[in-house]
Amino acid sequence: MEADKYEVLIIGSGQGGNPLATAFAQAGRRTAVIEREHVGGTCANEGCTPTKTMIASARVAYLAGRAADFGVHTNGSRTELAIVRQRKRDVVSLWHESGVRHLQDAGVDLIWGEGVFAAPHELEIRLNDGGSRRLTAETIIINTGNRPAVPPVPGLDQVPFLNSTTIMELEDAPEHLIVIGGGYVGLEFGQMFRRFGSRVTILQRGGHLLNREDPDIAEAVREILVQDDIDVRLHCHASRVSKRNGKIHLEVNGSGGSRIIEGSHVLAAAGRRPNTDRLQLDNAGIATDDRGYIRVNERLETGVEGIYAIGDVTGGPQFTHISYDDFRILRTNLIDGGSASVANRIVPYTVFIDPQLGRVGLSEQDARKAGYKVRVAKLPMTSVARAIETDETRGLLKAVVDAESDQILGAAVLSVDGGELAALIQVAMMGSLPSRALREGIFTHPSFAESMNRLFGTFTD
């Protein structure tokens with residue numbers, strides 16, 4: 001089979017791959033994107049866009065349930081999950097169609113199929129509509145992302161379990177949803193479906209939720225979930241699962257011994273795995289780590305000249321905005337002739353529970369491990385005027401500051417719109433502002449931003 005020659009090939013049309021393909025095409029380079037399933041990657045189709053759309057519905061359900069607290073009386077409320085699901089589908093379709101149109105308008109060839117390496121700079125494309133093609137290019141970018149992992153629980157493959165994609169296609173809320181995993185995905189879906197009317201149990205193997213977070217922040221999150229009538233079980237892992245009489249029976253082991261939890265549905269939310277197992281990377285000499293993530297340097301280069309990897313498939317911070325920053329790095333280096341890298345970039349993220357957990361930079365425990373002498377500032381939301389006025393006093397603010405330079409190293413913001421408030425702190429970090437600048441700054445009263453004045457006046461270390 002004769003190979004069709006391109007200048008740039010991008011495997012996977014995720015949040016970094018699409019704008020990169022557009023940039024190459026607009027720079028006059030013949031570019032193709034190979035996509036197996038859907039344009040936009042996990043974020044637009046199965047991750048950020050659909051989940052946050054459904055979380056918005058769950059937030060409305062929560063507020064409807066609290067209406068009387070604000071002196072507003074309704075005739076009751078109910079959730080029609082089928083309508084929530086359709087709204088989610090409509091939003092996803094909007095972004096998907098927009099993504100396809102942008103690629104086509106830029107002159108990118110969109111090839112529907114699965115790409116595998118035949119040689120370092122040659123791909124075999126197994127086309128979705130049958131047949132195959134051979135493509136070559138001096139520059140190849142791997143943007144294949146990852147997918148939900150299946151936890152190694154005996155019997156799980158014998159029961160109809162849910163993952164982060166399939167749970168969003170339910171037509172009715174589960175009677176009792178059991179969530180395996182106390183990470184971002186498990187907590188977001190657990191709280192969401194509790195607000196849709198499900199009974200929810202969350203199982204976490206470790207001693208606190210959200211393994212990356214400081215214990216005090218994780219404990220504050222746990223307290224909020226318990227207030228929402230979610231059964232959170234720590235030091236608890238699933239040892240076997242089966243289905244009997246139409247119910248899921250999960251045997252769990254914990255500090256109190258072994259017991260059976262009976263539920264209607266089980267969500268496996270215990271991590272993700274990279275989509276590299278079918279790329280035949282050995283044919284190109286591309287190295288991976290022991291989990292299957294592609295090894296890259298600070299410039300996102302693999303060990304093979306001209307081949308790069310971006311986004312979740314590299315095993316770095318697995319957030320859409322990081323994938324987009326990967327795009328900016330390669331655009332700078334491969335199109336603009338610059339020298340960008342991932343070194344020293346500030347990583348923000350938000351866990352979209354309610355209240356949100358906005359995070360940026362280093363946690364306290366990571367800052368101490370890195371050798372910093374730190375000062376820690378904390379402020380409960382019960383001390384924030386705007387939170388009191390809106391009756392949204394759950395959560396706290398926490399900042400970690402270098403005691404020697406007064407530079408902000410990181411922050412955790414557990415509050416309504418915590419991701420937005422954390423972004424304010426991130427901007428200060430990007431501008432190398434000392435913490436005293438936020439302590440003394442003038443912010444609108446009353447606003448959540450005004451809490452910066454008090455937060456950075458509460459150092460305890």
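Student: Hi! What should I keep in mind about this model and its numbering?

Tutor: The model is predicted, so local features need pLDDT of at least 70, side-chain atom pairs count only at pLDDT 80 or more, and totals for chains, interfaces and linings use all residues. Residues are numbered from 1 along each chain as its sequence is written, and side-chain values use heavy atoms, with hydrogens and water left out.

Student: Okay, cavities then. How many are there of 30 Å³ or more?

Tutor: The count comes to one. Here a cavity is a set of points on a 1 Å grid over the protein atoms alone where a 1.4 Å probe fits but cannot get out. Grid points are joined across faces, edges and corners, and volume is the space filled by probe spheres set on the points.

Student: How much space lies in the largest cavity, and what lines it?

Tutor: About 50 Å³ lies in the largest cavity. Its lining, meaning residues with an atom within 4 Å of a point, is E213, D214, I217, R359, L362, S363, E364, K398, V400, A411 and A412.

Student: Is β19 buried or exposed?

Tutor: Five of its six residues are buried, so β19 is largely enclosed by the rest of the structure. Buried means under 20% relative accessible area, with a 1.4 Å probe and protein chains only.

Student: Switching to the largest nonpolar core: which members touch the most others?

Tutor: Of its 35 residues, I167, F193 and V221 do. A nonpolar core is a set of buried Ala, Val, Leu, Ile, Met, Phe, Trp, Tyr and Cys residues joined through side-chain atoms within 4.5 Å. Elements giving two or more residues include α3 (48-65), α4 (81-106), α5 (184-195), α6 (215-227) and β22. Helix α6 gives the most, with five residues.

Student: What is F193 in contact with?

Tutor: Leaving aside neighbours within four places in sequence, F193 is in contact, meaning heavy atoms within 4.5 Å, with L81, I167, L170, P174, L177, S198 and V200. There is also a second, separate core of 24 residues, which includes A387, V413, A422 and A428.

Student: And helix α1, what covers its buried residues?

Tutor: The cover includes β2 (8-11), β3 (31-35), α4, β7 (139-142) and α7 (320-335). Nine of the 10 residues of α1 (17-26) are buried, so this helix is largely enclosed by the rest of the structure. Following α1 is G28, with a positive phi near 90°.

Student: Last one: where does S435 lie, and what does it touch?

Tutor: S435 lies in helix α11 (435-440) and is buried at a relative accessible area of 0%. Not counting residues up to four places away in sequence, S435 touches V401, D406, I408, F456 and F459.

Definitions and conventions. On a 1 Å grid over the protein atoms alone, a cavity is a set of points where a 1.4 Å probe fits but cannot get out, and a pocket is an open set with protein on both sides within 12 Å along at least five of seven lines; lining residues have an atom within 4 Å of a point. Buried means under 20% relative accessible area, exposed over 50%, partly exposed in between (1.4 Å probe, protein chains only). Helices (H or I, at least four residues) and strands (E, at least two) are DSSP runs, numbered from the N terminus.
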